[in-house]
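Student: I would like to go through this model with you, one question at a time. Please show it first.

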Amino acid sequence: MKFSFEWLKELVKFKESSEKLAELLTLYLAETKVSFRGTRAILDIDLLPNRVADVSGHFGLAREISAILNKGFNYPQPEFKEEKETAKSWITITIKSPYCRRYVARTIWHVKVKSSPQWLKERLEDCGLKPINNIVDAANYAMLLTGQPLHVFDFQKIAFNKKKKKEIIIRQAKKGEQITTLERKPYQLKENNLLICDTKQPLALAGIKGGLAAELDKDTQLIIIESANFDGANIHLTSKELGLKTDASWRFEHHLDPDLTAYAVDILAQIIQQVAGGEILKGKIDVINYSSHKIVIPINFTSWGKFLGWSISREEIIKKLRLLGFSVIERKKYLLVKPPLYRNDIERDEDVIGEVARLQGFDQIPSLSPKEEVIFPVKNELWEFKEKIKDWLRVYRLEEVYNYSLISQKDKEILAKDWQSKLIALANPISDLFCYLRPTLLLNFLKNINDNFRFTDKIKFFEIGEIYHWATKEKEETVFGGILAKKEKILKQPLFYEAKGIIEGIITDLGIDKDDYSIKSIEKTEYFSILEKGMALYVKNQLLGVVGIPKKNFLKKYDVEGEVAFWEIKILPLMALEQAEREYEPLPQYPAAIRDVSFIIKKDILIDKILKTIQESASYLEDVDLFDIYEGENLPFGKQSLSFHLIFRSSEKTLKAEEIDKEMKKIYKALQQLGALIR
Amino acid sequence: MELDQIKAEAEKRVSQIISQKDLENWRVKYLGRKSELSLFFDSLKNLPFQLRKTQGNKANQVRQFLFSLYQQKKQNLEKKQSDFESFDLTRPGEKIKKGHLHPLTLVLREIIHSFEKIGFEVVEGPEIETDYYNFDALRIPENHPARDMWDTFWIKSKVLPAQVGKSQKSKLLLRTHTSPMQIRYMEKHQPPFRIIIPGKCFRFEATDVHHEFQFHQVEGLMVGENISLANFKFIIREVIEDIFKHQVELRFRPSYFPFVTPGLEVDIKIKSKSNDEWLEIMGAGMVHPQLFKNIGYEANQWQGFAFGLGVERIAMIKYGIVDIRLFFGSDIRFLGQF
């Protein structure tokens, strides 16, 4: 919000430069920047929401600056001449809604509408307002001074009531009622919208915008000036509903002090008389529709030190509070503190204590080590588990990414019905590009591939994060996912086995036993509609995650050419499987003997079956390790050549060559029965 | 040529050789099939037996001598070669491929590590929140301008007919800050405690160099019988200085958040950058007593502070990143740098 530095200087008479003042305001009130209009300095203050009500006028800010500079500040008293004729004899005010808390009006006759004097125009422009004519400008000027929005009606355009008085009625809109505002725009109203009306029609949208009906024009001579207070929440709602946000509505939303109305209307009368002449009728019409809640807060002297952590002297406390406009009554052990009415943000001890600390300077006050007992923090197992997985995946040479949690309308379209139906949608997306919460990490990963194939031929990415869906009560689930992609396409799908190897590696690192989970095809999982083929890991009957190859139409949609493998594993069930305590295995006492076997066999015999066959056929077998798979030109169609390391060991003796030969023969025989041709 | 002459010449020549190629030429010349020595052997068969024997012996000795010269020279040359050619210190080392953690992970770890040193515990909360926890419980009522400080993504409700009445009560949204977890945690724990809550947050905001609709915060909450504003300053100063290895200046100034009183903002300035601006990194304050009351804690017994630290902001300052969008762009040229 813009404030004129010169204007403030007139009001407070300080010596500080604009830069110095901006620095002080930043440290004691709110972030402030200096700019210039010509040679005139403008302070742009990012007012905090709780201080708009009392600092949004130059008077309020001057009072705050005075407090910061350790000075007092007195509001100037309005001075003007009144006529003998009373305003009361001409106008009457009726408040019909609780949303209007106070309404004050004055009448001025025989004003002359014209262009404003230069000084007035400059002040408005410095504060970001456009000059219109002397009357409207005076109202804006008075608002800039006091913070109270003010409005001027053309007296003659307001209807007489039956008693031959101009009656102003503050009421809520009737169903279907409409108002045309000053910029000639019609608005359809609801029953909660507050209006300023005469007996015939609405004159203004209360607290937001004047209406066309009683608009000033160049011939206007008789005017009514109003200064009112409305309920902030009501104004906020109406402004939101109508999409009409104005300087006035913004101020009212922040709950202005109802007592400001009477003062502001007098300030305005004085300025109008100054710039437009005219005769001010005697007295103001002032209707009060609220009971002011004056609060008194008792605060023990011991509370200050306890809350702030350092002690402040009584004198210092009282002095600072008075500078801020609080009234203070001193008792033996406590203070009775009465906050000024314009500080509706001060409700309790902590608020008052905080104000004193603020005026001492948050940057100046002491910083002290807590005198607390040592509490040993509990380990967050889940957090540490995720961090551990990240470290391991890095060792597997993967790059960690943080993708967006949102996906696009187009992303949705590629998903099958069952996935679409559990998608969580945003009610107010920023654009079609980000309108649903991701149900899987896959879609954004596929975008990553395309983006990065410009710079590299192979991609290995992982992410640990949330996926979202309506399927569970929590609606979100932490997963760790990864994508491997290579530009060149090889039929054997080695990336799938690389991905599988990574998952198996992690599972082994976690000390999870092979019997604790099972592997099935993905066909029966929901992932079957996004993956071409792959494996599903289950714990009992619960899906732990999948490793697989995305469907071709997905790759096509994201312009991915080449080979891709993907996985997505749920973190919580994986963590539940982790073996916390791992036991050491004694080192073997006798040497191992390693033999190799190679054979040609039909491809449709699963490796798992072959491994079992080998293991069950011989004794002393410690490990069987597949080290080469070959399928190619020299082999008959549908066959492949497999090579295994066979590791023999006994825990009781060193095995002799003849003993191993005997076992090898058993293995050959078993393999031959499977249809293997030993090479 | 006499044998002695061959021997002397070969010996002289070999001492001048500096390359393998010259040595090979030398070998061909003195020991090859067409060498003078070889010709000499060939000529022996025409000599009488006795002479043949003595000359033969002598020639053999010469050949052995030359061969040993050759061997020796060869070894010398190889040794020299490995000293000067194969061991080049300036040759680049083999490139070892490795993976990388995301800069936000690295920065989060540093932040958490610093807080853990002084006994803070890590707690996490849901990203999909209710308006109760995100706003109302934090004293941010509807139709209050304070709520405008948090531009919100609302979730399109998926209401089953039976739930119509209920769902009106709490609307779902993407949390705009990590603060709702303050309430969730306090509902289940009694003070004293000190926790930090790292997590992803969302704001309804158009994306540009400085703004992202998705970002990370680390919330903090420390409550005890006597946790004061001075303690807040101490702990934040220590931790921020630790995170930035004491290369940083801090500034505390007033701010406003409905769930604290008084509210503060913390700015930092990097010492090494002389004319740098103050950068906002944290909103904070003393926990509003109304929160304790709503939780059901005993009145006037507990006090403490809360704060919210911007993680991207810290990472940008630490690494000199100027465009916030890089964090979520998953560009391998960016990721590979950390």
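Student: In which strand of chain B does B:Pro262 lie?

Tutor: This is a predicted model, in which local features need pLDDT of at least 70, side-chain atom pairs count only at pLDDT 80 or more, and totals for chains, interfaces and linings use all residues. Residues are numbered from 1 along each chain as its sequence is written, and chains are lettered from A and ligands numbered from 1 in the order in which they are written. Helices (H or I, at least four residues) and strands (E, at least two) are DSSP runs, numbered from the N terminus. On that numbering, B:Pro262 belongs to residues 260–270 of chain B, strand β7.

Student: Where is B:Pro192, which a cis peptide bond joins to B:Pro191?

Tutor: Omega of the bond between B:Pro191 and B:Pro192 is about 0°. B:Pro192 sits between α8 (180–188) and β4 (193–202) of chain B, in the loop.

Student: Is A:His110 buried or exposed?

Tutor: A:His110 has a positive phi of about 60° although it is not a glycine, and its place is the loop between β6 (100–109) and α5 (118–126) of chain A. A residue is buried if 20 or more other C-beta atoms lie within 10 Å of its own, exposed if 12 or fewer, and partly exposed in between, with C-beta atoms placed from the backbone. A:His110 has 11 other C-beta atoms within 10 Å, so it is exposed.

Student: How many other C-beta atoms lie within 10 Å of A:Arg184?

Tutor: A:Arg184 is in the loop between β9 (178–180) and β10 (186–188) of chain A, with phi near 60°. A:Arg184 is exposed, and the count is 8.

Student: Which element gives the most to the side of chain A that touches chain B?

Tutor: Two residues are in contact if their C-beta atoms, placed from the backbone, lie within 7 Å. By this rule, 73 residues of chain A are in contact with 65 residues of chain B. Elements of chain A that each supply at least two residues to that side include α2 (18–28) and β23 (458–468). The most, six residues, comes from α13(A).
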